[in-house]
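Subject: Structure handover

Hi,

Here is the structure for your files. My notes on it follow below.

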Amino acid sequence: MVPFSKSTQSMRSSEIRELLKLAVRPDVISFAGGMPNNNLFPIKELDEIYSHLPSKLKKIGMQYGPTAGYPPLIESLKKYLSAKGLPIEDNDLIITTGSMQAIYLLAKVFIDPGDRIITEYPCFIGATAAFNSFQPELESVPIDNDGIIISQLEKALSRPAKFLYLTPNFHNPAGIIYSTERKKQLLQLLQNREIILIEDDPYNELYFNKEDKKLTTPMKTMEEPVPICYAGSFSKIFGPGMRLGWLLAPKKIIEKCELAKQAVDACSPTFTQVLANEFMRPDIMPKYLQTLRTSYSRRLDLMLRSLKEYMPAEIKWTHPRGGFYVWLTFPEKIDATDVLKESIDNGAVFVIGKAFDPEARRNNCLRLSFSYPPEDKIQEGIKIVADAIKLFL
Ligand SMILES: Cc1ncc(COP(=O)(O)O)c(C=O)c1O
C-alpha cells in the first residue's frame, strides 16, 4: 500500500467520534453538538428571501463566483464590520467556506513543519485540527475567567511562534469572554513582537445582556501591534449549513489566502452568499439576532439552574454571558471518558475535555452545549450527567 503523507499519518484518530456514535439513539439528550438549535433557524425569513429573489440573482447563485466572494456580500459585510469599528480600509476581506476555512487557509499559507503555534487551553478543536494538518509544534496557554493568562503567555512568547490563536468572545469550549483589561494587556504584550494574532470571533453577536455588547469589541478595533487576522462566521447567526465565514486581514495575507483558496474550492457557495447578502438587510438580521439572544439566554439560565441543583460541591463550572457553552471542571482523579460512557448509557452526551486540549491529555473537564437540546430536556439531561459524575467521586 502506498504510504499516506506524513501530515495524514500524524492525524489523531477520534476517540470522541467513536464514543459519540453510541449516542445516536433518538432519545439521547445531546449537550455535545456545538451547533444552533434546529428550531431556531430563520426558515420563515429564508422562504421570504427566496420567494422574492429575482431570477437573475437565482442564476448568479447557481454559478461559480469570484474566489474572494460574491461582491455584494463583501460590500454588506464591509459595512457591517465597519460599524463595529473594524479597520476595513487598511485590510482586505475574503469570504470563506465557514470560518474553519479561514483558519485552515491561514495555516496553509504560514505553517511549515515544526513552526510553533500558540493557542489557548482549552482550545477549539477545529482550529487545532486545521493547524495540525501542517505539522506545527502546538503549545497551549491556560485561560482563566478573564482570558488568556498573561504571565504564562509571556513565557510562551519567549520563543518564536507564527500564530497566537484566540477566541476572545464566548469561548468555545470555555464559554468565557475576555475582559477589556485583559485584551489591552494582551495587545500591550504583543508590542514589538513578530507573530500573527488570529482573532476568531464566530459568537460575537451572541451576547445575552445589552450591557455586555461593549465587551465583545474585537481587539482588531483597538490597536494592531502585530498583524491581526479577524475571522467571523454566519454559522451561529444564520446557519452552519450555509458554510459561510469571512476573514479580514492585511492585504498581503489575504492575497495569499485567496491563492490558496483557489486550489481548495475555487469559491464558497455562491447560492448561500446571495441568500446571506439578503439576510443581512437591516429589516431582517438585527431582529432575528434578538430572538436568538433571548432564546439561548433562556436555555443558559435553565442549564445553570440545573447545574446548581444537581452537581456535587466538588464540581466547578463557568457562567457564560453569551454563546453556546458551559465548561465543567472536576477533581483530577475523575476521567471525563468514564463519565461519558456512564452518561450515554443513561441517555445524555457531552464532549470530553481532552478533545479541547491541543496536547490531548487533560480530561478532568467537559463541555456542555446549551444551544442544541430541546429546552424541556435540559434539566433531565444535567441530572443524568451529575449522577454519572457522582459515581466517580
Ligand atoms: C471558535 C470557533 N471557530 C470557528 C468555528 C467554525 O465555524 P464555521 O466553520 O461553521 O464558520 C466554530 C464552530 O463551532 C467555533 O466554535
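Strands β7 (196-200) and β8 (residues 228-233) run parallel, joined by 4 bridges. Within that pairing, isoleucine 198 has cysteine 229 of β8 as its bridge partner. Strands here are DSSP E runs of at least two residues, helices are H or I runs of at least four, and both are numbered from the N terminus. Two strands count as paired if DSSP finds at least two bridges between them.

Two housekeeping points. Residue numbers start from 1 along each chain, following the sequence as written. The model is predicted, so local features need pLDDT of at least 70 and side-chain atom pairs count only at pLDDT 80 or more, while totals for chains, interfaces and linings use all residues.

Axes are lines fitted to C-alpha atoms, for helices over the stretch in contact, and angles between N-to-C directions run from 0 to 180 degrees. Helix α7 (residues 125-132) has Ile125, Ala127, Thr128, Ala130 and Phe131 buried. Buried means 20 or more other C-beta atoms within 10 Å of the residue's own; exposed means 12 or fewer, partly exposed is in between, and C-beta atoms are placed from the backbone. Those buried residues of α7 pack against α6 (98-110), β3 (116-121), β4 (137-144), β6 (163-166) and β7. Contact means C-beta atoms, placed from the backbone, within 7 Å.

Now a helix pair. Helix α5 (residues 71-83) packs on helix α11 (residues 270-279) at about 40 degrees, with the axes 9 Å apart. The crossing is left-handed: the near helix is turned anticlockwise from the far one by less than a right angle, and clockwise would be right-handed. Pro72, Leu73 and Ser76 of α5 meet Gln273, Ala276 and Asn277 of α11. By class, that contact has 3 nonpolar, 3 polar and no charged residues. Nonpolar covers Ala, Val, Leu, Ile, Met, Phe, Trp, Tyr, Cys and Pro; charged covers Asp, Glu, Lys and Arg; the others, Gly among them, are polar.

A second pair: helix α12 (residues 285-310) and helix α14 (residues 378-390) cross at roughly 35 degrees, and their axes come within 9 Å. This crossing is right-handed. On α12, the contact uses Arg299, Leu302, Met303, Ser306, Leu307 and Tyr310; on α14, Ile378, Gln379, Ile382, Lys383 and Ala386. These residues divide into 7 nonpolar, 2 polar and 2 charged.

There is also an open sheet of 4 strands, antiparallel, in the order β10-β11-β14-β13. β10 (316-317) and β13 (351-352) are its edge strands, each pairing on one side only. β10 and β11 share 2 bridges, and lysine 316 stands opposite threonine 329 in β11.

Last, the domains. Domain 1 is 6-42 + 286-390 and domain 2 is 56-279, with bounds from an automatic or database domain assignment. Their C-alpha centres lie 24 Å apart.

Best wishes

Technical notes. Two residues are in contact if their C-beta atoms, placed from the backbone, lie within 7 Å.
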